[in-house]
Amino acid sequence: FRIMAGKVKWVTDIEKSVLINNFEKRGWIQVAENEDWNFYWMSVQTIRNVFSVETGYRLSDDQIVNHFPNHYELTRKDLMVKNIKRYRKELEKEGSPLAEKDENGKYIYLDFVPVTFMLPADYNLFVEEFRKNPSSTWIMKPCGKAQGKGIFLINKLSQIKKWSRDSKTSSFVSQSSKEAYVISLYINNPLLIGGKKFDLRLYVLVSTYRPLRCYMYKLGFCRFCTVKYTPSTSELDNMFVHLTNVAIQKHGDDYNHIHGGKWTVSNLRLYLESTRGKEVTNKLFDEIHWIIVQSLKAVAPVMNNDKHCFECYGYDIIIDDKLKPWLIEVNASPSLTSSTANDRILKYNLINDTLNIAVPNGEIPDCKWNKSPPKEVLGNYEVLYDEEMAQSDGTDRDLRGRPGQPMGVKGSRTRDSGKPVLTTWK
């Protein structure tokens, strides 16, 4: 039988070996030199071809693939922001308390993505916003690239115009052949540890969007910059100060190949509990989990919820110095490359646990199964949100818990063991 279908370009031999080892472990394949593989971990490019109307390809019941057909509604930077904005407006229209605003017209609960505009389409709106606070710093990112490629910071309108000229784009009024960018207000007050900026890479598995069922992986990590952070405008071009991507930081003089500039999420939690207190730390992680669920709910109505699909996303979260989490982006193909020994162990287990949920007990896949795996196969995953269970229990609420309060509404969180037990909430 076939667990994956289609050709794939492996990013590295390490990624290939980790996946193949996991497939072998289940008895799904025998590996031999120069063998033609029957099982594939699909790339995001391949998935488009498989579900393309032109190819006429149809997946059989024993074929399961690791992306949703239009995953880019969440994983393209511009579409993610567009869908979250639409989600806010819809909740406002419904009169949901979730869309409540303060006296300045700012969302109280749904303000979890930085102010963002699309370029060139929203150039005039961006200029209007920029002039309200001309001392602000903004970060520009190409919509369809990863690993920090093409990213730069600006604090003057002239820099945008220079980018436009360099890109041979004569006008911002209409879309040209120029690649689309997003420009977001830069979080210039990040939480620092050891004087360095970091972000969180968290893994979230979605087995179905309608009803939404998602799982949080407990073994995420922090990625640190190699150079101490400064908001100084003289360092805007120094990506070793501002961008946490390992693909960038590994080229720095101060990069440590042993720990790879990474901390486990559990270490971060211990650090925050000892410096800020346990209650504040629990509140922070509650808010991170809540943000993730809301982002998935924002795209659920437009996602092609094909029964053959599951997806493991890489969420990038930045925490500011007020311990407010911000959703930066969501990755469709989070790196499985190992930069350290601990990395390899984490990612091997990630693949193992993901496949155990997608195909419980390593049995022949059946896309018609109800996608509710038994608890014993979850491994390091925890149920983050189960819409079907929430609705049947009457616990699906529009409004999250008050700031500082646990947001679980089913079974509530238990803190006695020191480990958060994720529950079902909206």
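Reply: Let's start with a term: a salt bridge is a side-chain nitrogen of Lys or Arg within 4 Å of a carboxyl oxygen of Asp or Glu. This is a predicted model, in which local features need pLDDT of at least 70 and side-chain atom pairs count only at pLDDT 80 or more, while totals for chains, interfaces and linings use all residues. Residues are numbered from 1 along each chain as its sequence is written, and side-chain values use heavy atoms, with hydrogens and water left out.

Me: Thanks! How many salt bridges does the structure hold, and which residues are linked in a network?

Reply: There are 15 salt bridges in the structure. Asp-199, Arg-201, Arg-223 and Asp-316 are linked in a network of them. Within that group, the side chains of Asp-316 and Arg-223 meet at 3.4 Å, N to O. Asp-316 lies in strand β10 and Arg-223 in strand β8, so this pair ties together parts that are 93 residues apart in sequence. Strands here are DSSP runs of E with at least two residues, helices are runs of H or I with at least four, and both are numbered from the N terminus.

Me: Are Asp-316 and Arg-223 buried or exposed?

Reply: First the cut-offs: buried means under 20% relative accessible area, exposed over 50%, and partly exposed in between, using a 1.4 Å probe and protein chains only. Asp-316 and Arg-223 are both buried. Another pair to look at is Asp-386 with Arg-213, whose closest N and O atoms are 3.3 Å apart. That pair links distant parts of the chain, with Asp-386 in strand β12 (residues 381-386) and Arg-213 in strand β7 (residues 212-217), 173 residues apart. Asp-386 is buried at 8% relative accessibility, and Arg-213 is buried at 3%.

Me: Which residues of helix α9 are buried, and where do they lie around the axis?

Reply: In α9 (residues 265-275), the buried residues are Val-265, Leu-268, Arg-269 and Leu-272. They cover an arc of only 100° around the axis, so they sit on the same side of α9; the arc is that of the directions from the helix axis to the C-beta atoms. Leu-270 and Ser-274 are exposed on the other side. The buried residues pack against several elements, including β6 (196-209), β8 (221-224) and α10 (278-299).

Me: And how should I read the nonpolar core?

Reply: In soluble globular proteins, nonpolar side chains tend to be buried together. A nonpolar core is a set of buried Ala, Val, Leu, Ile, Met, Phe, Trp, Tyr and Cys residues joined through side-chain atoms within 4.5 Å. The largest one here has 62 residues, and those with the most contacts inside it include Leu-74, Tyr-209 and Leu-296. Its largest share, ten residues, comes from α10. Beyond its neighbours within four places in sequence, Leu-296 is in contact (heavy atoms within 4.5 Å) with residues including Val-204, Leu-212 and Cys-214. A second, separate core of 18 residues includes Ile-64 and Phe-310.
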